[in-house]
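Subject: Structure handover and notes

Hello,

I am passing a structure on to you, and I hope you enjoy looking through it. Please open it alongside this message.

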Amino acid sequence: MANNKDTPKDQFLVEQMDGCRSGNTLDLHGKGIKKIQKFERLPGVKILDLSCNSIEEIENLDGNTEITELKLYGNNIRQIKNLDRLQELQILQLQYNRITSLRKGLLKLRKLQRLRLDSNQLICLEAREFSGLSQLTSLDISHNKLTDITAVNVLPCLEELLASHNRLCGVIDLSRCNKLQELDLSNNKISEVRGLSLLETLTCVDLSGNVLCSTESLGSLCSLQELNLADNQLKSVCSFSEQFPNLDVLNVANNCINFREGLKSLVQCFHLVELNLAGNITGTSEEAKTMHLAEISYLMPQLERLDGVILNPSNNEKQNAPVTQKTALASASLESTHKIASYLMDFESQMEDLQQSLAKRFSQVKNLMESLPKELPFRPSYTRLTPMPSYGSRPQTRCSSRSRIEEARSFAAQHFEK
């Protein structure tokens, strides 16, 4: 029972629990609880929700060994402790608290599979703090103050790692997270990520909002389907078709990429259905940008979305989603833009052919000039050069054509520099 010294605001009364229980779930979300008291024994409860209260300390839960899911998010907890007896715990939610370190609070939770620690005040993680979490598959440590996450390499079953909005910088190595499928390292200061090419199951990567200058360190990711590299410092996509051959979704918005050079590589990404490259084409008119986008859509007919505009809706979108005015206009003008793009490509091809033809003809003329004799085999006795009155006048003669050529060469040698 409640302590008489405590007011109703200080303590949630046990008698109030009956109305909060449904089957094996006890829902005490937002009940104004400040202390976990009289919770020593909750028979049959497997899901305990104590979220969005004013709890500062985890206590008095030792007897509830059947709990598989514990929700403590949105409280004022500073330290993880007193969870060692919850041997069946699989899901633990501690986001939106004031936790600064893990210490030994998680070592005994050997069946834990999903852990949320996002939006706390974590400064560092140590490998020994994760040493007991051999079954952990999902870890969310985003929105903290972490500068290093190397410790996660000791988690052999980790499939999902969310570490966005931290203070990560420099090189990140995740080479031992062998089962990783989804990775979010967005909004940090990362310049290089190593070890991803060893992760054969990786399908989704978000590296947006970092300082990446190239994707060379990522290696070849043949299983990757979604890649977000927006808001970085990339200059090229020329290697993308070789590095990421099975991409479905690619976002490279707001970089420094010259797509004229990398377009051939993107065209080889045959599975790509969604592409965002806004914020890269700068210094050109809106008409030129539109033409460039039209060329891309023509060369990549499988695209369904380009810079957020629907080009080729999937069957589900056609059936369920209303056609917006923007989509209708894009569809209506698609044929004409394809024709324009085709004309541009034909024109470029013709220009290349003309350039090659001119180069060939110039070479022929050059060879012909070099084949002419430098000196005449004989000099006719009647040849007479007329004195040149001044620079720039033509040589005057009535001699044969060979003599005239000789005179021209002599004139050039006297008045023109080699």
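Below are some notes, going from the whole chain to single residues.

The model is predicted, so local features need pLDDT of at least 70 and side-chain atom pairs count only at pLDDT 80 or more, while totals for chains, interfaces and linings use all residues. Residues are numbered from 1 along each chain as its sequence is written, and side-chain values use heavy atoms, with hydrogens and water left out.

**The chain as a whole**

The chain has 418 residues, of which 36% count as buried. Buried here means under 20% relative accessible area, exposed means over 50%, and partly exposed is in between, with a 1.4 Å probe and protein chains only. The accessible surface comes to about 24,200 Å², and 49% of that belongs to carbon and sulfur atoms; areas come from the Shrake-Rupley method with a 1.4 Å probe, and for residues only the protein chains shown count as cover. As for contacts (heavy atoms within 4.5 Å), 28% of those between residues at least 6 apart in sequence join residues at least 24 apart.

**Salt bridges**

The structure holds 8 salt bridges, a salt bridge being a side-chain nitrogen of Lys or Arg within 4 Å of a carboxyl oxygen of Asp or Glu. One of them joins Glu 88 and Lys 111, at 3.1 Å from N to O. This pair links distant parts of the chain: Glu 88 sits in the loop between S4 and S5, Lys 111 in the loop between S5 and S6, and they are 23 residues apart. Glu 88 is partly exposed at 32% relative accessible area, and Lys 111 is also partly exposed, at 40%.

Another salt bridge pairs Arg 194 with Glu 192, at 2.8 Å from N to O. Arg 194 has a relative accessible area of 43%, so it counts as partly exposed; Glu 192, at 25%, is partly exposed too. Lys 71 forms a salt bridge with Glu 69, where the closest N and O atoms are 3.9 Å apart. Glu 69 counts as buried because its relative accessibility is 15%. There is also a network of salt bridges that links Arg 116, Asp 118 and Asp 140.

Glu 59 lies in the loop between S3 and strand S4 (69-71). Leaving aside residues up to four places away in sequence, Glu 59 touches Lys 35, Ile 36 and Asn 82.

**Rings and a nonpolar patch**

The count comes to 1 aromatic pair. Rings of Phe, Tyr and Trp (its six-membered ring) pair if their centres lie within 6.5 Å; planes under 30 degrees apart count as stacked, over 60 as edge-to-face and the rest as tilted. Phe 240 and Phe 244 form the pair, which is edge-to-face, with 5.2 Å centre to centre and 80° between the planes. Both Phe 240 and Phe 244 are buried.

On the surface, Met 351, Leu 354 and Leu 358 form a nonpolar patch, with about 290 Å² of accessible area together. Patches are made of residues with over 30% relative accessible area and no salt bridge, with like charges joined within 9 Å and nonpolar side chains (Val, Leu, Ile, Met, Phe, Trp, Tyr) within 5 Å. Leu 358 belongs to helix H5 (residues 325-371) and is partly exposed at 49%.

**Loop residues to look at**

Most residues other than glycine have a negative phi. Tyr 96 has a positive phi of about 60° and lies in the loop between strand S5 (91-93) and strand S6 (114-116). Arg 103 is found in the loop between S5 and S6, has a positive phi near 55°, and counts as exposed at 52% relative accessibility.

Gly 44 lies in the loop between strand S2 (25-27) and strand S3 (47-49) and is partly exposed at 29%. Not counting residues up to four places away in sequence, Gly 44 touches Arg 21, Asn 24 and Glu 66.

Best wishes

How values were computed: Helices (H or I, at least four residues) and strands (E, at least two) are DSSP runs, numbered from the N terminus.
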